[in-house]
Amino acid sequence: TKPVVNAGDDVTTQIANGTTSVTLSGTATDAQNDVLTYSWVKTSGSSANIESATSVSTVVSGLSIGTYVFALVANDGELDSDSDSVTVTISETQQSTKVGIRATVNNQYLCTELNNNNEVKARSESVQGWEEFEIENQADGSIAIKSLANGKYLVNVEWSGNQIIAN
């Protein structure tokens with residue numbers, strides 16, 4: 001009888017620095033316990049490098065945003081298995097940007113105070129460590145603003161004098 005293969009679970013990941021790689025982990029069985037050889041091939045998607053095409057598990061590198069399909073076949077020296085496929089989906093990484101936020105009411109930058117209230121005050125004339133915030137693009141298309149000083153997000157903004165609360 002011919003071997004049976006499983007190409008593994010589908011993979012979904014985000015891209016990093018323009019390209020990314022994933023590990024494909026297949027399995028194979030043979031009723032006669034014959035020594036098996038393996039073959040991975042890309043059946044769909046743009047350019048990619050299968051680093052160990054003759055191993056049951058391999059790394060695929062050079063992936064860009066898109067969907068790829070890779071098929072695994074095993075051979076027991078006489079018969080090929082039916083192929084099994086795995087789908088790899090690469091999406092864009094959520095991006096973030098460090099910024100300083102200047103209040104228009106007094107032309108000062110917001111600064112996180114590490115006190116019990118986690119106050120954010122518009123009282124700094126320059127952007128250094130305490131004045132850095134990160135704008136994060138969220139999966140739903142919205143943005144979030146996080147203080148890098150205390151790791152808290154600006155929410156429920158209330159303006160009182162020259163401060164808001166980051167909690």
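Modeller: Happy to! Let's start at Asn33, which lies in the loop between strand 4 (27–29) and strand 5 (37–44); strands here are DSSP runs of E with at least two residues, helices are runs of H or I with at least four, and both are numbered from the N terminus. This is a predicted model, where local features need pLDDT of at least 70, side-chain atom pairs count only at pLDDT 80 or more, and totals for chains, interfaces and linings use all residues. Residues are numbered from 1 along each chain as its sequence is written, and side-chain values use heavy atoms, with hydrogens and water left out.

Biologist: What is the phi of Asn33?

Modeller: Asn33 has a positive phi of about 55 degrees, although it is not a glycine. Most residues other than glycine have a negative phi.

Biologist: And is Asn33 buried or exposed?

Modeller: Asn33 counts as exposed, at 70% relative accessibility. The cut-offs are under 20% relative accessible area for buried, over 50% for exposed, and partly exposed in between, using a 1.4 Å probe and protein chains only.

Biologist: Zooming out, how many helices and strands does the chain have?

Modeller: The chain has zero helices and 15 strands. Of its 167 residues, 31% count as buried.

Biologist: Changing topic, how many salt bridges turn up in the whole structure?

Modeller: A search of the whole structure finds one, a salt bridge being a side-chain nitrogen of Lys or Arg within 4 Å of a carboxyl oxygen of Asp or Glu. Asp82 pairs with Lys2, and their closest N and O atoms are 2.8 Å apart.

Biologist: Where do those two sit in the chain?

Modeller: The pair links distant parts of the chain, 80 residues apart: Asp82 is in the loop between strand 8 (66–75) and strand 9 (84–91), while Lys2 is in the segment before strand 1 (4–6). Lys2 is partly exposed, with a relative accessible area of 39%.

Biologist: Which loop holds Asp76?

Modeller: Asp76 lies in the loop between strand 8 and strand 9. Asp76 is buried yet has no salt bridge, and the nearest side chain of opposite charge, Lys2, is 10 Å away. For that charge count, Lys and Arg are positive, Asp and Glu are negative, and His and the chain ends are not counted.

Biologist: Which backbone nitrogens lie by the side chain of Asp76?

Modeller: The backbone nitrogen of Glu78 lies 2.9 Å from a polar atom of the Asp76 side chain, and for the backbone nitrogen of Leu79 the distance to a polar atom of that side chain is 2.7 Å.

Biologist: Nice. What about the largest nonpolar core?

Modeller: That core has 16 residues, and those with the most contacts inside it are Leu24, Trp40, Leu63, Phe70 and Val88. A nonpolar core is a set of buried Ala, Val, Leu, Ile, Met, Phe, Trp, Tyr and Cys residues joined through side-chain atoms within 4.5 Å.

Biologist: Which strand gives the most to this core?

Modeller: Strand 8 does, with four residues.

Biologist: What does Val88 touch?

Modeller: Beyond its neighbours within four places in sequence, Val88 is in contact (heavy atoms within 4.5 Å) with residues including Val11, Val22, Leu24, Leu63 and Phe70.

Biologist: Last one: is Val60 buried or exposed?

Modeller: Val60 is buried, with a relative accessible area of 0%, and is found in strand 7 (residues 57–63). Not counting residues up to four places away in sequence, Val60 touches Thr20, Ala48, Ile50 and Phe70, among others. Val60 and Phe70 are ten residues apart in sequence and 9.5 Å apart in space, C-alpha to C-alpha.

Note on methods:
Polar contact = N/O pair within 3.5 Å; in protein donor to acceptor, adjacent residues only side chain to side chain.
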